[in-house]
There are 2 protein chains.
Amino acid sequence: MTGFYGQYQTTLDDKGRFALPAKLRHVTSPDGAPILDGTIILNRGLEGCLSIYPENEWSAIQNRLSSLDFTNQDFRYFSRRFYSGVSPVTPDKNGRVLVPQHLIAEADLKKELLILGVNRWIEVWNPDRYNYYVQQYRGTYEEVAGRLFTGKHDEPAE
Amino acid sequence: MTGFYGQYQTTLDDKGRFALPAKLRHVTSPDGAPILDGTIILNRGLEGCLSIYPENEWSAIQNRLSSLDFTNQDFRYFSRRFYSGVSPVTPDKNGRVLVPQHLIAEADLKKELLILGVNRWIEVWNPDRYNYYVQQYRGTYEEVAGRLFTGKHDEPAE
DNA sequence: CCACTTTCACCCACGTCTACCCAGAAATCG
DNA sequence: CGATTTCTGGGTAGACGTGGGTGAAAGTGG
């Protein structure tokens, strides 16, 4: 069983670092090697969070993007926003990573952080922002599950 | 005959642990091996309970999810809520599992717990919440049975 | 091109928490 | 009624999270 799971709270210190929860650091790929060893990719995420990908997942996303067409203006917009947020980081001896100041600002991170394991990647949230996201989302957890699994998914909200 | 059945009450101790009832621990797959041996998957369930899957059942769910795509906003919402609730646990020597604090809070678990065997999985409820769920559900047990087996099921409540 | 300032990577140290283990109490079964 | 299993409480060693200090490197201004 592999992938990132669970929900953790931790703190951002004065230097802009936070500790990746040990449970996430110890997640291994099927062959038993720790996934988060070495360099990982920190990036601006969707809905106002930060996302963290292991390096191989990052390559997969990059491949997907590179197949798109630069004459498309949505592609250019997305690329600008996407790549400019990228920050490769290596955890220190205590498993902490340093978050660039502009990402702290964009994700509105304060001292208290909420870390989510979301299978292939990890997300970092301002807890208030996450609660608001959950609370205002169209439909409850049960309803969304229903939409997803009955195939009636992803109509625009309005 | 295999699968999880029955209803049990147990207690959550000060450390956030509870004992899986022995009757459930001893349920075996058709080949005679105990299903709950080793790692089991504790997760946020629907309608405000916690759910417990054996590992193979969990893989089946994950496979179903993996066909979906992160560009779908319902998928992102569901993934966040779903995976963040997951906690793989291994029962200790005495058959107890530790419940993460945020799941205790979300399921509103107090000292008294209600454990339900629901065939492929197990559920953990705050007894009051379960009683309320049963009592407020649209239609009685008999009516729901009728709807289900005549095919007129899952219309919205109103 | 040099000197000063700031930033960051690396390391150490300490308080807290938790995974693991042991043991006694209660319940169940023959 | 005795033996065995199940349940519950608690102690302890080691892991984990957090704060901070220091030297090297990068950035800035003269």
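How many bridges pair strand S3 (residues 40–44) of chain B with strand S4 (residues 50–54) of chain B, and is the sense parallel or antiparallel? In this predicted model, S3 and S4 of chain B are joined over five bridges and run in the antiparallel sense.

## The sheet of chain B

Within the pairing of S3 and S4 of chain B, the residue that stands opposite B:Ile40 is B:Pro54, which belongs to S4(B). Both strands are part of an open sheet of six strands in chain B, whose order is S1-S7-S8-S4-S3-S5 and whose pairing is antiparallel. The edges of this sheet are formed by S1 and by strand S5 (87–89) of chain B, each of which pairs on one side only. From one strand to the next, the twist averages 25°.

Helix H5 of chain B, which covers residues 127–136, packs on the sheet and touches both S7 and strand S8 (121–125) of chain B. The direction of helix H5 makes about 50° with that of S7(B).

Strand S1 of chain B spans residues 7–11 and is linked to strand S7 (residues 112–118) of chain B by five bridges, the two strands running antiparallel. One of the residues for which the partner can be named is B:Thr10, whose bridge partner in S7(B) is B:Leu113.

In a regular strand, side chains alternate between the two faces of the sheet. In S1 of chain B, B:Tyr8 and B:Thr10 belong to the covered face, whereas B:Gln7, B:Gln9 and B:Thr11 belong to the uncovered one.

## The surface near DNA strand C

Around DNA strand C there are 13 residues, of which A:Asn94, A:Arg96, B:Lys93, B:Asn94 and B:Leu98 come nearest. The residues of this surface divide into nine charged, two polar and two nonpolar. Strand S6 (96–98) of chain A and strand S6 (96–98) of chain B each supply at least two residues of the surface.

Of the DNA strand C atoms that lie within 4 Å of the protein, 33% belong to sugar or phosphate, and the rest belong to bases. For A:Arg96, an N or O atom of the side chain is 3.2 Å from a base nitrogen of DNA strand C.

A:Ala19, which is found in strand S2 (residues 17–19) of chain A, counts as partly exposed because its relative accessibility is 27%. Apart from neighbours within four places in sequence, A:Ala19 is in contact with A:Thr10, A:Gly95 and A:Arg96. The C-alpha atoms of A:Ala19 and A:Val97 are separated by 6.4 Å, although the two residues are 78 residues apart along the chain.

A:Ser51 lies in strand S4 (residues 50–54) of chain A and counts as buried because its relative accessible area is 3%. The side chains of A:Ser51 and A:Tyr53 are joined by a polar contact of 3.3 Å. Not counting residues up to four places away in sequence, A:Ser51 touches A:Ile41, A:Leu42, A:Asn43, A:Arg44 and A:Gly45, together with A:Trp121, A:Ile122 and A:Glu123.

Conventions:
Residues are numbered from 1 along each chain as its sequence is written. Chains are lettered from A and ligands numbered from 1 in the order in which they are written. This is a predicted model: local features need pLDDT of at least 70, side-chain atom pairs count only at pLDDT 80 or more; totals for chains, interfaces and linings use all residues. Side-chain values use heavy atoms; hydrogens and water are left out. Buried means under 20% relative accessible area, exposed over 50%, partly exposed in between (1.4 Å probe, protein chains only). Helices (H or I, at least four residues) and strands (E, at least two) are DSSP runs, numbered from the N terminus. Two strands pair if DSSP finds at least two bridges between them. A residue is near a molecule or strand if one of its heavy atoms lies within 4 Å of it. A polar contact is a pair of N or O atoms within 3.5 Å; within protein, one must be able to donate a hydrogen and the other to accept it, and residues adjacent in sequence count only if both atoms are side-chain atoms. Ala, Val, Leu, Ile, Met, Phe, Trp, Tyr, Cys and Pro count as nonpolar, Asp, Glu, Lys and Arg as charged, and the others, Gly among them, as polar. Contact means heavy atoms within 4.5 Å. Axes are lines fitted to C-alpha atoms, for helices over the stretch in contact, and angles run from 0 to 180 degrees between N-to-C directions.
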